[in-house]
Amino acid sequence: MERGPSGEHDPPPSMFGSLRERNYRYYASGQVVSLTGTWMQRAAQDWLVLELSGGSPAALGVAIALQFLPTLLFTLWAGGLADRFDKRRLLIATQTALGLCGVVLGLLDVTGLAVLWQVYVLCFVLGCFSAADAPIRQSFVVEMVGPAQLTNAVALNSMTFNLARIVGPALAGVMISATGTGWVFLLNGASSAAVVGGLLLMDPGALHRGAPAAAQESGRLRAGLRYVRGRPELVVVLVLVFCVGTFGMNFENSFAVLARNEFDRGAAGYGLLITALAVGTLTGAALAARRSGRGRPRLRLVVLGALAFGLLEAVAALMPTYELFALALVPVGVAVMTFTTSANSTVQLAVEPGMRGRVMGLYMLLFLGGKPLGALVTGWLAELFGARMPLLLGALVSAGAAVVAALVLAKRGLSDQAG
């Protein structure tokens, strides 16, 4: 057993090792509450758009596109901020703003004033704050737990995310049926107080902070792009993340349309589809947490995760009944979580601390920035060819990108390299 810097024995690897860090415990506790509210809002927002638009898949695609469009505009800039300023204080500001967006939409809805254009505007505003929040939050994880526990913390974050993904939509389905969508939005706004409270309770002196980047604005983002361009293994992972995130993971659009238009189910049926996927993703995140004690993830795992996801999503898209479709989503969730946790850890552990904010800004830009394109394309495909076509297209793109990535890495002799 190795000794830590103090001369004491380091604790053995554990599935929940990151929770030994007090700051991370505060953060994770707040995230459980806040993310449950976030997933409730996502389900309610999709349902509200379909209600206001008469069930139009294209209208839902526009709403999702507007929510993710700001990622193209602000994520790289926010990554630069994360390299320069106190990430904890930045997160307090962004999380507060996200909560206020939920409160405003909830008040419009419960008073009966909500119309489609207002939902579109709030989708865009919410997207602006989410785009700023994402790279800051991603690059803050290593400051809470240190590099040795980063892979474990990423996996535990995914477990938290997917636990909320199971509970949130199911609760939203029940609440929508009982009270309507407005109270769901208000509850989500209130839930943001949990993560803000966790951030305020942290001990800043216990954070694992690196030296901040130089203050000069000019050229910093270009320097980050040049850094990535000089690392072929990072380029391959980031391109694969873009393909899977843009086309393969358009669940927000596809599930609502499938539940309402293909399987003739209500809000509760839609929530259960998201829950079925989340059972798989929670399982995948738990497996990733167990693997985290074996060292850094290898590039081969990233590629295999993307390939398995594409193949399993194609199988799910062809399922004839609601029950079989829901059942098929469980292995899809395991595969997509294997891919996303290994890709995230690989990128974070491969970069220098002073570049991490900008590189994670690029990561989140590619992971989420293609959502507007993907949402519009899948909404159009569902309108013309039926609700199954977007899932089938995403599956083919994801599997094809994984095959190309495997060939490129094999040619360069990088497939066995650790992140």
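Helix α3 passes helix α4 in a left-handed crossing.

**The α3–α4 pair**

Two packed helices are described by the angle between their axes and the distance between the axes. Helix α3 covers residues 87-110, and helix α4 covers residues 116-145. They pack at an angle of about 155 degrees. Their axes lie 9 Å apart. Angles over 145 degrees count as roughly antiparallel, so α3 is roughly antiparallel to α4. What kinds of residues make up the contact of α3 with α4? By class, there are 16 nonpolar residues, five polar ones and five charged ones.

**The α1–α3 pair**

Helix α3 also packs with helix α1, which spans residues 22-53. Here the angle is about 40 degrees, and the axes are 12 Å apart. The pair is therefore oblique. The crossing of α1 and α3 is left-handed. Which residues meet? From α1 come Ser 34, Gln 41 and Leu 48. From α3 come Gln 95, Gly 102, Leu 105 and Asp 109. Sorted by class, this contact has two nonpolar residues, four polar residues and one charged residue.

The table sets out the two pairs.

| Pair | Angle | Axis distance |
|---|---|---|
| α3 and α4 | about 155 degrees | 9 Å |
| α1 and α3 | about 40 degrees | 12 Å |

Is Gln 138 buried or exposed? Its relative accessibility is 14%. Buried means under 20%, so Gln 138 counts as buried. What does Gln 138 touch, leaving aside its neighbours within four places in sequence? Gln 138 is in contact with Asn 344, Gln 348, Met 360 and Met 364.

**The whole protein**

The protein has 15 helices and zero strands. It holds 419 residues, and buried residues make up 57% of them. Now consider contacts between residues at least 6 apart in sequence. Of these, 86% join residues at least 24 apart.

**Confidence**

How confident is the prediction? The mean pLDDT of the protein is 81. A pLDDT of 70 or more is reached by 89% of the residues. Residues 1-10 have a pLDDT below 50. Beyond near neighbours in sequence, this stretch has nine contacts in the model.

Notes: Residues numbered from 1 in each chain as written. Predicted model: local features only at pLDDT ≥ 70, side-chain atom pairs only at ≥ 80, totals over all residues. Heavy atoms only, no water. pLDDT = per-residue confidence, 0-100. Contact = heavy atoms within 4.5 Å. Axes fitted to C-alpha atoms, helices over the stretch in contact; angles between N-to-C directions. Helix = DSSP H or I, 4+ residues; strand = E, 2+ residues; numbered from the N terminus. Parallel < 35°, antiparallel > 145°, perpendicular 65-115°, else oblique. Left-handed = near helix turned anticlockwise from the far one by under 90°. Nonpolar A, V, L, I, M, F, W, Y, C, P; charged D, E, K, R; others polar. Buried < 20%, exposed > 50% of the residue type's maximum accessible area, 1.4 Å probe, protein only.
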